[in-house]
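Subject: Structure for your review

Dear colleague,

Please find below the structure that I am handing over to you.

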Amino acid sequence: MRAVLDWELAHLGDPMEDLGWICVNSWRFAKIDKPVGGFGTREELFAGYEAAAAVADPDRVKFWEVMGTLRWA
């Protein structure tokens with residue numbers, strides 16, 4: 001096996017949704033000072049995204065973070 005694709009939540013949409021999803025509080029595992037999955041900062045996330053893809057929009061990421069939190073409810 002060379003790769004695994006997980007299509008559980010796959011869909012076409014706003015790329016900022018993916019960035020917002022990893023910032024949802026549930027993924028922090030009690031590490032409040034590291035809002036990106038419990039291992040990084042938003043600034044680091046945005047810098048990495050911009051180096052690899054395109055410009056991140058912090059307002060849209062925040063919107064999708066809130067929507068992701070609601071999804072858990």
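The largest pocket has a lining of 13 residues, and L9, A10, H11, D18 and W21 are the ones nearest its centre. A pocket is found on a 1 Å grid over the protein atoms alone, as an open set of points with protein on both sides within 12 Å along at least five of seven lines, whereas a cavity is a set of points where a 1.4 Å probe fits but cannot get out; lining residues have an atom within 4 Å of a point. The model is a predicted one, in which local features need pLDDT of at least 70 and side-chain atom pairs count only at pLDDT 80 or more, while totals for chains, interfaces and linings use all residues. Residues are numbered from 1 along each chain as its sequence is written, and side-chain values use heavy atoms, without hydrogens and water.

The space in this pocket comes to about 250 Å³, a volume being the space filled by probe spheres set on the points, which are joined across faces, edges and corners. Its lining consists of five nonpolar, two polar and six charged residues. Here Ala, Val, Leu, Ile, Met, Phe, Trp, Tyr, Cys and Pro count as nonpolar, Asp, Glu, Lys and Arg as charged, and the others, Gly among them, as polar.

Helix α1 (residues 15-22) gives the most to this lining, namely four residues. Helices are DSSP runs of H or I with at least four residues, numbered from the N terminus. M16, E17, L19 and G20 are the buried residues of α1, where buried means under 20% relative accessible area and exposed over 50%, with a 1.4 Å probe and protein chains only. Seen down the axis, they fall within an arc of 165 degrees, so they line one face of α1; the arc is that of the directions from the helix axis to the C-beta atoms. These buried residues pack against α2 (42-52) and α3 (58-72), contact meaning heavy atoms within 4.5 Å.

In α2, the buried residues are L45, F46 and Y49. They span an arc of only 95 degrees around the axis, which puts them on the same side of α2. The exposed residues E43, E44 and A51 sit on the face turned away from that side.

There is one cavity of 30 Å³ or more. Its lining is made up of E17, G20, W21, W64, M67, G68 and R71, and α3 supplies the largest share, four residues.

Yours sincerely

Methods
Helix = DSSP H or I, 4+ residues; strand = E, 2+ residues; numbered from the N terminus.
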